[in-house]
Amino acid sequence: MTVDALTDVAGVRVGHATRTGEGWLTGTTVVLAPEGGAVAAVDVRGGGPGTKETDALDPRNLVQRVDAIVLTGGSAYGLDAASGVMAWLEEQGRGVPVGTDPAHVVPVVPAACVFDLGRGGSFRARPDAATGRAAVEAAAATAPGAPVPEGCVGAGTGAAAGALKGGIGTASAVLESGITVAALVVANAAGSVLDPETGVLYGEFFQGRVDYPSAQVHRAARLRLAEAARANTPPPLNTTLAVVATDARLSKAQAQKLAGTAHDGIARAVRPVHLLHDGDTVFTLATGARPLDGERPRALNELLEAGADLVTRAIVRAVRAAGSVDGPGGAWPSYETLYGTEGGRGR
């Protein structure tokens, strides 16, 4: 049984820590690899990323496997959340062995952040090591294959997608080969996720049948979005983060290729992307439970295609799952509030 989430990749767990109220609107999400870690890679396309330990994932470098990936709010300040995850992993004896004592390990915890500073009202309300520990403990406490909460949770708590509320979304697929591929995305973009002519999410144009909002609903939504955009000063900065996971057996170079092509999924769903103020970053985790068919040259291509498609679908789910926010740090209406079935879908 699958739950259409990153946790459909056996052994992968996801945990959120969410802070709201009293100036807070932020959080951290941890993707916890199976015991023994997973092959990991990263591809950074944004010109203004906030990251930690990404150099360790270069295929030319020593580290082959990691135990966790951290996605966090709080801009570069929020990268402190990785310290809490690192401490927890050390307590579990998980990390790169650096001595004869099994307790002597150094966990490598790659992390990336989104900009959500001040969106709850306080610029200084941002994730720290305690937030990271809470998120990794939440991940470890979940059952195998557990559903993943979406929308305004974890690193998506303070996310904005243009003038709309952003959030966390996830999706998965099982290929004909039996290999599972899945994605989890934090949609926090200055670029638009919404076609201004129709009110359809850009990502939905790539998912088959499109359900168009009525003209009346779209006109009302455009007016409300324009009001929100004027009220939110300065406008949101642009960062979309993703983790693409698979149970395929990949080398670090193959995993890096998967991370790179997954950015195509962001480009289908967000316009513009990958600009100088973007922090767009995609991580890959490969658990290695299933071998690729080396006799079929297209075996890796199938993963690359699926990874990009799932990132697009996860962005759509993130925006659709998000709830509206109207507080001291700004106002972001949700897509479902503006365009949901109660608002009048259909031509």
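Reader: What should I know about the source first?

Author: This is a predicted model, in which local features need pLDDT of at least 70 and side-chain atom pairs count only at pLDDT 80 or more, while totals for chains, interfaces and linings use all residues. Residues are numbered from 1 along each chain as its sequence is written, and side-chain values use heavy atoms, with hydrogens and water left out.

Reader: How many residues has the largest nonpolar core?

Author: It has 48 residues, and those with the most contacts inside it are Leu-250, Leu-303 and Val-311. A nonpolar core is a set of buried Ala, Val, Leu, Ile, Met, Phe, Trp, Tyr and Cys residues joined through side-chain atoms within 4.5 Å. Buried means under 20% relative accessible area, exposed over 50%, and partly exposed in between (1.4 Å probe, protein chains only).

Reader: Which elements give two or more residues to this core?

Author: Among them are β3 (38–44), α4 (252–269) and α5 (299–321); helices (H or I, at least four residues) and strands (E, at least two) are DSSP runs, numbered from the N terminus. The largest share, twelve residues, comes from α5.

Reader: And what is Leu-250 in contact with?

Author: Beyond its neighbours within four places in sequence, Leu-250 is in contact (heavy atoms within 4.5 Å) with Val-39, Ala-255, Leu-258, Ala-286, Leu-292, Leu-300 and Leu-303. There is also a second, separate core of 31 residues, which includes Ala-33, Val-108, Leu-184 and Val-243.

Reader: Turning to the backbone, where is the cis peptide bond?

Author: It joins Arg-271 and Pro-272, with omega at about -5 degrees. Pro-272 is found in the loop between α4 and β15.

Reader: Is Ser-75 buried or exposed?

Author: Ser-75 is buried, with a relative accessible area of 19%. Its phi is near 50 degrees, a positive value in a residue other than glycine.

Reader: And Asp-4: what is its phi?

Author: Asp-4 has a positive phi of about 55 degrees although it is not a glycine. At 22% relative accessibility, Asp-4 counts as partly exposed.

Reader: Finally, at what angle do α1 and α2 pack?

Author: The angle is about 50 degrees, with the axes 6 Å apart. Axes are lines fitted to C-alpha atoms, for helices over the stretch in contact, and angles run from 0 to 180 degrees between N-to-C directions.
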